[in-house]
Amino acid sequence: LATHKDLDEALQRVHKVLCLKENFALSVSNDEATLAVKLVDGSEVIYQRNISDPEKPYAPVRMLVFKKMFIDKEGKEQFTDMSPEETPNAHPWVIQVIQNTLKAIVMGMGSVIDSILPNLIVKGVPEAIAQRKKQGLPCIYIPKLTWDYQTKGLCLKDMLLVMERSIQNATGNPDFRIEDIISLVVIPVVSDETRDKYYKSTLEGEDKGKRKYLNPTGISLLE
């Protein structure tokens, strides 16, 4: 179904197969776009698979953008930045959920660059969250506790500024501030025991799924 772009029905069937009744996953947009990051050195990295590829080290990220792809006369892929008018539109279901949220909107615990932020630069999403924050709804951001390759060189403040610049660019609103959609940042406290257990599982191979993504530099940093 997803292959034939009937994403709505595909999601409904996934929920049915998994017997999901209290938790729901929604596609933020059904419009097509390509993720790219603009780096502080002026270069770009295109495609999500390259953004998160540990074998492709790059300078710190300045902002995330959507690009549209076209084929040139030589049959090669070319990309141009999407304008605010061309930015993918949020699915009506997503806006409805934001507008009807009763307790809080929680963002986070995923990679800020290629998991959290892509949802926040879709047309209609930051505006809807900002409106709910104005109405007094808590809008909470929980940073991921571990580093990603795409967040290399960024502290928490830098990450929030990347989010702010990306949303400014996507919406065409230079006056947007990250405080417009975040009322509280929650930084979880991890015990030494939990931290050491995580490091041990990563370094000693108890969790081979994580270890295979570490290059020698990553392992040396953990050691």
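This report describes selected helices, sheets and loop residues of a predicted model.

## Basis of the description

The model is predicted, and local features are reported at pLDDT of at least 70, side-chain atom pairs only at pLDDT 80 or more, and totals for chains, interfaces and linings over all residues. Residues are numbered from 1 along each chain as its sequence is written, and side-chain values use heavy atoms, with hydrogens and water left out.

Helices (H or I, at least four residues) and strands (E, at least two) are DSSP runs numbered from the N terminus.

## Helix α6 and its surroundings

Helix α6 covers residues 156-171, 16 residues in total. From first C-alpha to last it reaches 23 Å, close to the 22 Å expected at 1.5 Å a residue; the expected span is 1.5 Å times one less than the number of residues. Just after the helix, Gly172 adopts a positive phi of about 70°.

The buried residues of α6 are Met159, Leu160, Val162, Met163, Glu164, Ser166, Ile167, Gln168 and Ala170. Here buried means under 20% relative accessible area, exposed over 50%, and partly exposed in between, with a 1.4 Å probe and protein chains only. These buried residues pack against β3 (61-71), α4 (112-120), α5 (125-134) and β6 (139-142), where contact means heavy atoms within 4.5 Å.

## The packing of α4 with α6

Two packed helices are described by the angle between their axes and the distance between the axes. For α4 and α6, the axes come within 10 Å and cross at roughly 35°. Axes are lines fitted to C-alpha atoms, for helices over the stretch in contact, and angles run from 0 to 180 degrees between N-to-C directions.

On the α4 side, Val112, Ile113, Leu117 and Leu120 take part; they meet Met159, Val162, Met163, Ser166 and Ile167 in α6. By class, this contact has eight nonpolar, one polar and no charged residues. In this classification Ala, Val, Leu, Ile, Met, Phe, Trp, Tyr, Cys and Pro count as nonpolar, Asp, Glu, Lys and Arg as charged, and the others, Gly among them, as polar.

Thr151 lies in the loop between β6 and α6. Thr151 counts as buried because its relative accessibility is 2%. Leaving aside neighbours within four places in sequence, Thr151 is in contact with Val112 and Ile113, as well as with Met159.

## The antiparallel sheet

Four strands form an open sheet in the order β2-β1-β3-β4, with antiparallel pairing; two strands pair if DSSP finds at least two bridges between them. Strands β2 (44-46) and β4 stand at the edges, each with a single partner strand, so one side of each is left without a neighbour in the sheet. The twist averages 35° from one strand to the next. Helix α4 packs on this sheet, touching β1 (34-39) and β3, and its direction makes about 75° with that of β3.

Five bridges join β3 and β4 in the antiparallel sense. Ile71 stands opposite Glu77 in β4, and Phe70 is placed opposite Gln78 of that strand. The two strands form a hairpin with five residues between them, and Gly75 in the turn has a positive phi of about 80°. Lys76 lies in the loop between β3 and β4 (77-81). Lys76 is partly exposed, with a relative accessible area of 48%, and touches Phe70 and Ile71, not counting residues up to four places away in sequence.

## The parallel sheet

An open sheet of three strands has the order β5-β6-β7, and its pairing is parallel. The edge strands, β5 (105-108) and β7 (184-185), each pair on one side only. Two bridges join β6 to the parallel strand β7, and Ile140 stands opposite Leu184 in β7.

Most residues other than glycine have a negative phi, and most peptide bonds are trans. Tyr47 has a positive phi, near 85°, and is not a glycine; Tyr47 lies in the loop between β2 and α2 (48-51).

Met109 likewise is not a glycine and has a positive phi of about 65°. Met109 is found in the loop between β5 and α4 and is partly exposed, with a relative accessible area of 48%.
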